[in-house]
Each structure stands twice: as structure tokens, then as C-alpha cells.
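Reader: I have a chain open on my screen and would like to talk it through with you. Could you take me from the overall picture down to a few details?

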Amino acid sequence: MLRLNRGDPAALEALIDCYAPYVCGVAARILPGHPEEWEELAGDVFLAAWDNRKKLRPGQVKGWLSTVARNRAFNRRRGHREDLPLEEDILLLQSDLPQSEAEYRELRSTLALALGSLDQQDRELFVRHYYYGQTVARAAEEMELNLSTAKTRLRRGRERLKTFLQEVGYEPMEN
């Protein structure tokens, strides 16, 4: 980090060697099916790292790179005007998988139906906030929504999903 801070190009190369696969992975999750853009986006992220090298702190580099990559990927995605991905792999994380493959398929299908019951804007807001971890304020800003509107949509969406899941036999977990 000291070498990077001083403007050593070899330090930037080392940063790229270390984190390029990670940054491309972040881009791939947000821009599936656009591999040509992953490396271009990664290049933009590392150029931003170089431009902001004096602000980077040890222990925070990976998080900073992730945030910049995620934001730039969302900006590109918005430029494509496609729906956010709601593929099966983002509905469940590996650690959340039920015990049997049959339970997994059933739950995956049910979750897809539940999310499908929301309108496109609510689905996008859910994915941005609950899957990609965007703050409500950031998601609202990028979707050009008023913050209170976004919060209301999330609350109503949670209620609709809870009702939908209860109707098909899933009970909410106790806290």
C-alpha cells in the first residue's frame, strides 16, 4: 500500500494480479452473460484505485474495490436497461441449501414464484438491497426513487412475500 500510495506502477500491477479475479467475479454476478464487460469494468475499477490511491487504506482495499466494481456494474446494467438477474443461483446461497435436492428444487421454485409475484421495480429493489447489499438510499438513488418510497416498497414487498410463502405452506422463522 505504501508503494501504491507513492505512485509505484509495479504496486498497481501487484494489486491487479491479486484482485482482478475478485473484481471480475463481482462484475459477473451483476452482469451475467456479458464477459466482455467484466475485464473492461475491472480496468475501470483499477484505474479508479490508482486515481484514489492516497485514500486507500490497508485492510480496506478489497471492500473498496468491491464497492466500486458493484456500483460501476450496476451503472452499466442500468445502461443496458435489462432486468436485474433473478436466476436461481441468487435466490439461495450455498450455505442456505436444504438437505435434499428435492427440497432445494421445491424451495428454489417457490422463491422464484414469490419474487415473480412482485412487480419489476419491487423485484429490482429487493435484489439490490437484500442480495447485493446496497443501502436503501443507494438503491433508491440509482433507481430514481424517493427514499421513503423505496422503504415503503420494501416493507410492502416483504409483507407480500410473507403472505405468499405462508399461502404455499412456509411459515416464518422465529427470531
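**From the whole chain to one residue**

Author: Before anything else, please keep in mind that this is a predicted model. Within the chain, residues 24 or more positions apart account for 63% of the contacts with a separation of 6 or more.

Reader: How much of the chain counts as buried, and what does its accessible surface come to?

Author: Of the 175 residues, 35% count as buried. The accessible surface of the chain is about 10,700 Å², and carbon and sulfur atoms contribute 50% of that area.

Reader: Let's zoom in on α7, then; how many residues does it have, and how far does it reach?

Author: Helix α7 covers residues 120–131, which is 12 residues, and from its first C-alpha to its last it reaches 15 Å, close to the 16 Å expected at 1.5 Å a residue.

Reader: What caps the N-terminal end of α7, and what comes just after the helix?

Author: The N-terminal end is capped by D119, which places a side-chain oxygen 3.2 Å from the backbone nitrogen of Q121. Just after α7 comes G133, with a positive phi of about 75 degrees.

Reader: Which residues of α7 are buried?

Author: Those are D122, R123, E124, L125, F126, V127, R128 and Y131.

Reader: At what angle do α7 and α9 pack?

Author: Helix α9, residues 147–167, packs with α7 at an angle of about 95 degrees, and the two axes are 10 Å apart. Because angles of 65 to 115 degrees count as roughly perpendicular, α7 is described as roughly perpendicular to α9.

Reader: Which residues make that contact?

Author: From α7 the contact involves Q121, D122, L125, F126, H129 and Y130, while α9 brings A150, R153, L154, G157, R158, R160 and L161.

Reader: Changing topic, where is the place of N71, and is N71 buried or exposed?

Author: N71 sits in helix α4, which runs over residues 61–80. Its relative accessible area is 15%, and because buried means under 20%, N71 counts as buried.

Reader: What does N71 touch, leaving out residues up to four places away in sequence?

Author: Leaving those out, N71 touches Q134, R138 and E142. With R138 there is also a polar contact, in which the two side chains are joined at 3.4 Å.

Methods
Residues are numbered from 1 along each chain as its sequence is written. This is a predicted model: local features need pLDDT of at least 70, side-chain atom pairs count only at pLDDT 80 or more; totals for chains, interfaces and linings use all residues. Side-chain values use heavy atoms; hydrogens and water are left out. Buried means under 20% relative accessible area, exposed over 50%, partly exposed in between (1.4 Å probe, protein chains only). Contact means heavy atoms within 4.5 Å. Accessible areas come from the Shrake-Rupley method with a 1.4 Å probe; for residues, only the protein chains shown count as cover. Helices (H or I, at least four residues) and strands (E, at least two) are DSSP runs, numbered from the N terminus. The expected span of a helix is 1.5 Å times one less than its number of residues. A polar contact is a pair of N or O atoms within 3.5 Å; within protein, one must be able to donate a hydrogen and the other to accept it, and residues adjacent in sequence count only if both atoms are side-chain atoms. Axes are lines fitted to C-alpha atoms, for helices over the stretch in contact, and angles run from 0 to 180 degrees between N-to-C directions. Angles under 35 degrees count as roughly parallel, over 145 as roughly antiparallel, 65 to 115 as roughly perpendicular and the rest as oblique.
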